[in-house]
Amino acid sequence: MSSELPNGGGIKMVVAIVRPDKLGEVKKGLAAAGAPSLTVTNVSGRGSQPAKKGQWRGEEYTVDLHQKVKVECVVADTPAEDVVAAIRDAANTGEPGDGKIFVLPVENAVQVRTGKEGPDAV
């Protein structure tokens, strides 16, 4: 595999956990970066964003799991660095809780309909 090819000729999965209200901008950013295919899942979790305290019917409660969306994007022809930059630019508010982005190697991919494998399946 040539290092001149995007991602060293391999396949990468970019996983981002971002604010739900930033999903539209993230989708636009990914399309502009040449990576329009994505999977989105509603998730909840916590990181460095502080817990919030509230009251309901006189009882105090703590919300320490925040609602987020997980965006997964698998790329072969588009550099993973471009995908990361697009997500970061679109999701950044500068406040705690903006999220995280992870880049993982993908061992193989298989397209169900055609049976294509590897980068051709992506």
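# Close-up views of a predicted model

**View 1. Strands E1 and E6 pair in the antiparallel sense, with 8 bridges joining them.** In this predicted model, Val14 has Val103 of E6 as its bridge partner. Helix H1 packs on the sheet, where it touches E1, E2 and E5, and its direction makes about 10° with that of E5. Helix H2 lies across E1, E5 and E6 and runs at about 10° to E1.

**View 2. Four strands form an open sheet in the order E2-E5-E1-E6.** The pairing within this sheet is antiparallel. Strand E2 (39-45) and strand E6 (99-106) are the edge strands, each of them pairing on one side only. On average, neighbouring strands of the sheet are turned by 20° against each other, direction ignored. In general, the strands of a sheet pair through backbone hydrogen bonds, in either a parallel or an antiparallel manner.

**View 3. The largest nonpolar core comprises 16 residues.** Within this core, the residues that touch the most other members are Val18, Val26, Leu30, Val71, Val83 and Ile87. At least two core residues come from each of strand E1 (11-18), helix H1 (23-32), E5 and H2. The greatest contribution is that of H2, which gives 5 residues. Setting aside residues up to four places away in sequence, Val26 touches Val18, Val71, Ile87, Ala90 and Ala91.

**View 4. Thr78 occupies the loop between strand E5 (66-75) and helix H2 (80-91).** Thr78 counts as buried because its relative accessibility is 10%, and the cut-off for burial is under 20%. The side chain of Thr78 reaches the backbone oxygen of Gly34 at 3.0 Å. When residues up to four places away in sequence are not counted, Thr78 touches Pro6, Asn7, Ala33, Gly34, Ala35 and Val83. One of these contacts, Val83, is also among the core residues that touch the most other members.

**View 5. Strands E3 and E4 form a hairpin with 2 residues between the strands.** Strand E3 (residues 52-56) and strand E4 (residues 59-63) are paired in the antiparallel sense over 5 bridges. Gly54 stands opposite Tyr61 in E4. In this hairpin, Arg57 takes a positive phi near 55°.

**View 6. Gly45 has its place in strand E2.** The relative accessibility of Gly45 is 23%, and this residue therefore counts as partly exposed. Apart from neighbours within four places in sequence, Gly45 is in contact with Asp64, Leu65 and His66. Gly45 and Val69 are 24 residues apart along the chain, and their C-alpha atoms are separated by 9.9 Å.

**View 7. Glu4 is found in the segment before E1.** With a relative accessible area of 75%, Glu4 is exposed, because the cut-off for this class is over 50%.

Conventions:
Residues numbered from 1 in each chain as written. Predicted model: local features only at pLDDT ≥ 70, side-chain atom pairs only at ≥ 80, totals over all residues. Heavy atoms only, no water. Buried < 20%, exposed > 50% of the residue type's maximum accessible area, 1.4 Å probe, protein only. Polar contact = N/O pair within 3.5 Å; in protein donor to acceptor, adjacent residues only side chain to side chain. Contact = heavy atoms within 4.5 Å. Core = buried A, V, L, I, M, F, W, Y, C linked by side-chain atoms within 4.5 Å. Pairing = 2+ DSSP bridges. Axes fitted to C-alpha atoms, helices over the stretch in contact; angles between N-to-C directions.
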